[in-house]
Amino acid sequence: MKVLLTGANGKVGRAAAAALMAAGHELTACDVARHHFDRTLPGEPAYQQAELTDAGQAYAVVRGHEVVVHAAALPEPTHNPPHVVFQNNLMSTFNLLEAAVSFGVSRFVNISSETVPGFFFPERPFLPSYAPVDEDHPAHPQDPYALAKLFGEQLCDAATERSDLRCITLRPSHVQHEGNYERNLGAQVRDAAVLSPNLWSYIDADDLADAIVLAVQSDLLGHEVFYIASPDNVGGRDFAQILRQYYGDQIELRPLARPDAGGISIEKARRLLGYAPTRSWRDYLDKDGRALAG
Ligand SMILES: NC(=O)c1ccc[n+]([C@@H]2O[C@H](COP(=O)([O-])OP(=O)(O)OC[C@H]3O[C@@H](n4cnc5c(N)ncnc54)[C@H](O)[C@@H]3O)[C@@H](O)[C@H]2O)c1
């Protein structure tokens, strides 16, 4: 299929581009950075530079594509002023959905975030009501990043209600690849007391990329939202035990797919998308959280 991938230069975009090309899709990679002017080599995607908060540029890049995978965003709220995060992330999603509806795009894959429920960047902290957190968990975000992601999901609802566009939203956990596993997860592998709002969850970038390919190729109608995380937790510990140890009875424990599951449920993605992650932090780190040699 002819696929437009936004945010193609980023962490998620680079992994998604490789997986989409390997799956045989005709890919246009898109990002805000200028391209080089060297020859495009076989196996490399076409490239389009676009600032997606500008509606004209969003329309220009969407035109001619059957599928849009939207991974462009400021990926968290703490390094830019709040209105910049909100405006960049919400308006780029709005413009791309408007263009997708106008041009009769058949599938829109919206990369949202595990932060949508709100307990990652709150000014007034609160905990998940239950774990593993799933798609039915209430969302009460306070910060501009998670609010824009939640509103982006609502824009997908509206687009599928007013047109034949089909949308899939993926909410990835914290994205890891060979270059950042140790930096991001090493301390938590060594010590479960290094807490994170996602309750020891993470996602391998290549497993996320495989989920994106599944979403591109899916026949699901309407708009479906899926959490995407790795099946095990950071450190590979007994989840029920560490949840009790660090949170007491503040978070209701729900059934686990496996004893070392993370705090995010991927059961809906397994069931409806055929998501079957194969990687683990253990492929990159030893039991002390240090990068494996080679
Ligand atoms: N990194 C994570 O742990 C994580 C977790 C959950 C969700 N996400 C989401 O995944 C997606 C990709 O994140 P990432 O980690 O690859 O981030 P990244 O910063 O590595 O890449 C994002 C890319 O989007 C581009 N971009 C941003 N605003 C743009 C605009 N207005 N027009 C055109 N391009 C623009 C940037 O230039 C960048 O190359 C984002 O939607 C992010 O919110 C990331």
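I started with helix 3 and helix 4 (residues 144-162): their axes come within 9 Å and cross at roughly 15 degrees. Axes here are lines fitted to C-alpha atoms, for helices over the stretch in contact, with angles running from 0 to 180 degrees between N-to-C directions. That makes the two helices roughly parallel (angles under 35 degrees count as roughly parallel, over 145 as roughly antiparallel, 65 to 115 as roughly perpendicular and the rest as oblique). Helix 3 passes helix 4 in a right-handed crossing, meaning that the near helix is turned clockwise from the far one by less than a right angle.

I listed the contact next (C-beta atoms, placed from the backbone, within 7 Å). Helix 3 brings Pro82, Val85, Phe86, Asn89, Leu90, Thr93, Phe94, Leu97 and Val101. Helix 4 answers with a set including Tyr145, Leu147, Phe151 and Leu155. For the classes, Ala, Val, Leu, Ile, Met, Phe, Trp, Tyr, Cys and Pro count as nonpolar, Asp, Glu, Lys and Arg as charged, and the others, Gly among them, as polar.

Note on the source: this is a predicted model, where local features need pLDDT of at least 70 and side-chain atom pairs count only at pLDDT 80 or more, while totals for chains, interfaces and linings use all residues. Residues are numbered from 1 along each chain as its sequence is written.

Then I looked at helix 2 (residues 55-62) against helix 3: the axes come within 9 Å and cross at roughly 45 degrees. The pair is therefore oblique, and the crossing is right-handed. Ala55, Ala58, Tyr59 and Val62 of helix 2 touch Asn95, Leu96, Glu98, Ala99 and Ala100 of helix 3. That contact divides into 7 nonpolar, 1 polar and 1 charged.

Which residues are closest to the ligand? I found Gly7, Gly10, Val12, Ala72 and Ala73, in a shell of 27 residues (C-beta atom, placed from the backbone, within 6 Å of the ligand). Helix 1 (11-22) and helix 3 (82-102) each supply at least two shell residues, and helix 1 gives the most, with 3. The shell has 13 nonpolar, 10 polar and 4 charged residues.

Last, the whole protein: I count 8 helices and 11 strands (DSSP runs numbered from the N terminus, H or I of at least four residues for helices, E of at least two for strands). The C-alpha atoms fill a box of roughly 55 × 45 × 40 Å along the principal axes.

Methods: Contact = placed C-beta atoms within 7 Å.
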